[in-house]
Amino acid sequence: MNLIAQFGGLENAVLPPAPLHLAIGMFDGVHLGHRAVIEAAVQSARRSGGTAAVLTFAPHPSTLFRPDQPTRLIMDSGMKARMLHRLGVEVMVTQPFTPEFAQVAAEDFLPWLKQRAPQLAAVYVGENFRFGRGRKGDIALLVAEGRKHGLTVFSAPRVNFDGEPISSTRIRGLLETGDVAGANALLGYTYFAEGPVVHGKHLGRTIGFPTLNLGWAPDLRPRYGVYVVRVAGAKSVEALPGVANYGLRPTVEQTLEPRLEVHLLGDCPYVAGDSVTVKWLRFLRPEMKFAGVEELCAQIAVDRAAAAADFSLR
C-alpha cells in the first residue's frame, strides 16, 4: 500500500474511516528516537484494524518564532514521506504551522484534533513533546485531556546513544561537522542524498576522474568535504562504491552554491537524467583549495585509494 501524503493540514485532509492512530511530531530525519513513536502507532493500528498516520508540520516552528535563525531540516517532505512509508505509515498529513495554529491553547489541542479527525482513537508522541500556545502542554496534560475525550495517549521514552538522547538537533550538529558515521548511528540508517544526475562541465573526465553531478540542494548542508559513499539506482543491483566531494570546488571554479560530485570506483552505468541515491559512509577530509589542477589530481588519487581501502578494492 502506498503512503497517502496530504499537505493541506487536518482541515482539508481526507482520512480513512477506520480508527486513526496518529503519531505527532516534526520527525525530521526519522531517526531511531522517532521510530519508537511511529512504530508504536503502526503496530497498534495493525492490531486493531485501524489506520497508522503521522501528523507533521511545515514550515518548522522556528521559522515563525526565530525567522532570523530558522532550524535547517535534515530532509524535505518528500524524503520524509518515503521514510515513513517504509515504516508502515499509511497517511502523512502536513499541518501548516501558521500564527493561527500556534495560538491553539494546550487544553484545546485534542479537541482541535478530534473535531478535524472524528475517527481519532489514539495519539502517539515522544516523552519530550510540547504543544499548544507558548508550548505549555506536556505529557501529563495530554494524558489528562485524553481521558476526558476518550483518547488513548502513548508516550515513548527517549532513546539514548552513548549516554545522550538521540535528537534531530544532535544529528544536525554531527552532519555540520562531517561526522556522518556518528549521524548514521543515531539515524539508524545511512544518511543519503537523492536526485537526478545532471550535466556538468566534464572537468573530472578531462583529469582522469569522471564524476556524476547530483541535482541536490539540502536545507541542512553537511560539512564541505570528501566522503566515502555508495551509489544506488535502478541500473545496478548493488550500491556501487565511490568517493564524493560536496562543496564549492574552490580549485577549479569556486561555485556560489555547493555541489555534490561522485566518482565511482568502478564502471559507471549512470548518465544525466538517471535518478540515484548517494549513501554517505565516512568523512575523509575537508574541502581544500589547491595550488593547481596537478596538485588536485594527486589528492584525488589519495582520496580514491582511501575509499578503495574502505571497500577492500584494488
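The lining of the largest pocket is made up of 19 nonpolar, 15 polar and 8 charged residues. Here Ala, Val, Leu, Ile, Met, Phe, Trp, Tyr, Cys and Pro count as nonpolar, Asp, Glu, Lys and Arg as charged, and the others, Gly among them, as polar. This is a predicted model, in which local features need pLDDT of at least 70 and side-chain atom pairs count only at pLDDT 80 or more, while totals for chains, interfaces and linings use all residues. Residues are numbered from 1 along each chain as its sequence is written, and side-chain values use heavy atoms, leaving out hydrogens and water.

In total, 42 residues line the largest pocket, and Met26, Asn128, Phe129, Arg130 and Arg135 lie nearest its centre. Two or more lining residues come from each of α1 (32-48), α2 (61-65), α4 (99-102), β5 (120-126) and α7 (168-176). (Helices, H or I with at least four residues, and strands, E with at least two, are DSSP runs numbered from the N terminus.)

The structure also holds 1 cavity of 30 Å³ or more. Ile74, Met75, Met79, Tyr189, Tyr191 and Phe192 line the largest cavity. On a 1 Å grid over the protein atoms alone, a cavity is a set of points where a 1.4 Å probe fits but cannot get out, and a pocket is an open set with protein on both sides within 12 Å along at least five of seven lines; lining residues have an atom within 4 Å of a point. A volume is the space filled by probe spheres set on the points, with grid points joined across faces, edges and corners.

| Space | Volume | Lining classes |
|---|---|---|
| Largest pocket | about 1100 Å³ | 19 nonpolar, 15 polar, 8 charged |
| Largest cavity | about 30 Å³ | 6 nonpolar, no polar, no charged |

Now for the helix pair. The axes of α7 and α8 (residues 180-187) come within 8 Å and cross at roughly 155°; axes are lines fitted to C-alpha atoms, for helices over the stretch in contact, and angles run from 0 to 180 degrees between N-to-C directions. Therefore α7 is roughly antiparallel to α8 (the term covers angles over 145 degrees). On the α7 side, Arg170, Ile171, Leu174 and Leu175 make the contact, meeting Val180, Gly182, Ala183, Leu186 and Leu187 of α8, where contact means heavy atoms within 4.5 Å.

Two backbone details remain. Most residues other than glycine have a negative phi, and most peptide bonds are trans. Phenylalanine 27, in the loop between β2 (20-24) and α1, has a positive phi of about 55°. Alanine 58 and proline 59 are joined by a cis peptide bond with omega about -5°, and proline 59 sits in the loop between β3 (51-58) and α2.

How values were computed
Angles under 35 degrees count as roughly parallel, over 145 as roughly antiparallel, 65 to 115 as roughly perpendicular and the rest as oblique.
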